[in-house]
Amino acid sequence: MTILDIEHLKKWIGSKESFTDQMTLAPVKALIATLDRKDRDPVLGDRLPELWHWLYFLPMAKQSEIGPDGHPQRGGFLPPVPLPRRMWAGGRYTWHQEIQLGQEITRHSEVKSVTHKSGRTGDLVFVEVHHELHGSQGLALTEEHDIVYRPLANPTDVPPKPSLAPSDADWEVRIDPSPVLLFRYSAITFNGHRIHYDRKYVTEVEGYPGLIVHGPLISTMLVDQFRLQFPDKKLLTFEFKALRPTFDINHFFVCGKVDAASSTADLWAKDHEGWLTMQGRATFTNI
């Protein structure tokens with residue numbers, strides 16, 4: 001049984017790091033291909049699409065520093081939470097100015113909170129990380145990133161009751177995930193987490209029924225479909241919460257509904273059975 005010393009983990013609150021990167025063209029071209037878009041080739045000076053900043057500031061841990069789950073070993077910038085399952089639970093984003101391809105951007109990061117909760121399946125630890133992205137003109141984006149750590153699945157665990165997704169979408173796009181799609185997104189984002197590409201590991205060690213579709217990939221698809229529907233709009237804010245894992249063994253849908261009067265959009269994902277898996281909300285303005 002894992003013993004949690006939450007007071008020790010809280011010593012990481014206030015931990016900081018900074019990372020400077022250039023918004024180069026190659027990662028954008030790679031994601032356009034991965035999302036099967038028909039966009040023209042990007043050029044320097046183009047606006048970086050919302051959430052595509054995740055293509056940059058990638059962790060570059062040495063191979064000898066990788067843990068058994070494929071992530072960098074714990075205890076550096078992030079607290080060394082001893083629970084084996086680690087997931088991106090959600091986030092909140094505010095764009096202050098556009099980010100352009102070719103810009104040099106510095107991301108300042110800080111661990112804001114470390115909290116413990118007791119869930120149905122045992123201990124849960126939530127870590128909130130705050131990021132600020134600055135360019136030559138100042139603050140461009142603020143991001144609050146929620147990470148949840150949890151124990152491995154137990155055969156006796158009763159899954160939480162799911163919620164039905166809304167049925168009044170303005171658009172609904174079917175996504176058929178494949179191991180190649182998940183591998184390519186992992187490669188673009190230099191994400192070594194084995195739950196996304198190692199079927200033996202994810203089923204036999206972490207106890208999931210299939211490869212897990214990346215939460216950031218799903219939220220990127222939500223926002224990407226909004227951009228396709230409304231190319232004359234840009235996001236001011238976006239927030240999302242991951243409610244249920246999505247697996248590669250079934251298709252899923254990304255959906256949205258816009259309220260033009262309030263300049264807001266509800267964006268969500270649902271699985272093949274219609275259960276809500278991710279819930280998001282955006283505010284936007286005209287370009």
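Strands β8 (residues 252-259) and β9 (residues 264-271) pair in the antiparallel sense over 8 bridges, where two strands count as paired if DSSP finds at least two bridges between them. This is a predicted model, so local features need pLDDT of at least 70, side-chain atom pairs count only at pLDDT 80 or more, and totals for chains, interfaces and linings use all residues. Residues are numbered from 1 along each chain as its sequence is written, and side-chain values use heavy atoms, with hydrogens and water left out. Helices (H or I, at least four residues) and strands (E, at least two) are DSSP runs, numbered from the N terminus.

**The sheet**

- An open sheet of 10 strands runs in the order β1-β3-β4-β5-β2-β7-β10-β9-β8-β6, with antiparallel pairing.
- Its edge strands are β1 and β6 (171-175), each of which pairs on one side only.
- On average, neighbouring strands of this sheet are turned by 20° against each other, direction ignored.
- Strand β2 (residues 85-95) and strand β7 (residues 233-242) pair in the antiparallel sense over 5 bridges, and Arg92 has Glu239 in β7 as its bridge partner.
- β7 also pairs with strand β10 (residues 276-286), in the antiparallel sense and over 9 bridges; here the bridge partner of Lys241 is Gln279 in β10.
- As background, strands of a sheet pair through backbone hydrogen bonds, either parallel or antiparallel.

- Is Ser219 buried or exposed? Ser219 is buried, because its relative accessible area is 0% (buried means under 20% relative accessible area, exposed over 50%, partly exposed in between, with a 1.4 Å probe and protein chains only).
- Not counting residues up to four places away in sequence, Ser219 touches Leu51, Trp54, Phe238, Phe240 and Met278.

**Helix packing**

- Helix α3 (residues 179-188) packs with α5 at an angle of about 95°, with the axes 10 Å apart.
- The two helices α3 and α5 are therefore roughly perpendicular to each other (angles under 35 degrees count as roughly parallel, over 145 as roughly antiparallel, 65 to 115 as roughly perpendicular and the rest as oblique).
- In this contact, Leu181, Leu182 and Tyr185 of α3 meet Pro216, Leu217, Thr220 and Met221 of α5.
- By class, the contact of α3 with α5 has 6 nonpolar, 1 polar and no charged residues (Ala, Val, Leu, Ile, Met, Phe, Trp, Tyr, Cys and Pro count as nonpolar, Asp, Glu, Lys and Arg as charged, and the others, Gly among them, as polar).
- Helix α2 (residues 25-34) also meets α3: their axes come within 10 Å and cross at roughly 170°, which makes α2 roughly antiparallel to α3.
- Pro27, Ala30, Leu31, Ala33 and Thr34 of α2 meet Leu181, Arg184, Tyr185 and Ile188 of α3, a contact with 7 nonpolar, 1 polar and 1 charged residues.

**Salt bridges**

- The structure holds 18 salt bridges, a salt bridge being a side-chain nitrogen of Lys or Arg within 4 Å of a carboxyl oxygen of Asp or Glu.
- Glu17 forms one with Arg107, with the closest N and O atoms 4.0 Å apart.
- That pair links distant parts of the chain, as Glu17 sits in strand β1 (residues 16-22) and Arg107 in strand β3 (residues 104-119), 90 residues apart.
- Glu17 counts as partly exposed at 34% relative accessibility, whereas Arg107 is buried at 13%.
- Arg40 and Asp46 form another salt bridge, their closest N and O atoms being 3.0 Å apart; Arg40 is exposed at 54%, while Asp46 is buried at 17%.
- Glu50 forms a salt bridge with Arg47, the closest N and O atoms lying 2.7 Å apart; Glu50 is buried at 4% and Arg47 partly exposed at 26%.
- Elsewhere, salt bridges that share partners join Arg37, Asp39, Asp224 and Arg227 into one network.

Notes: Contact means heavy atoms within 4.5 Å. Axes are lines fitted to C-alpha atoms, for helices over the stretch in contact, and angles run from 0 to 180 degrees between N-to-C directions.
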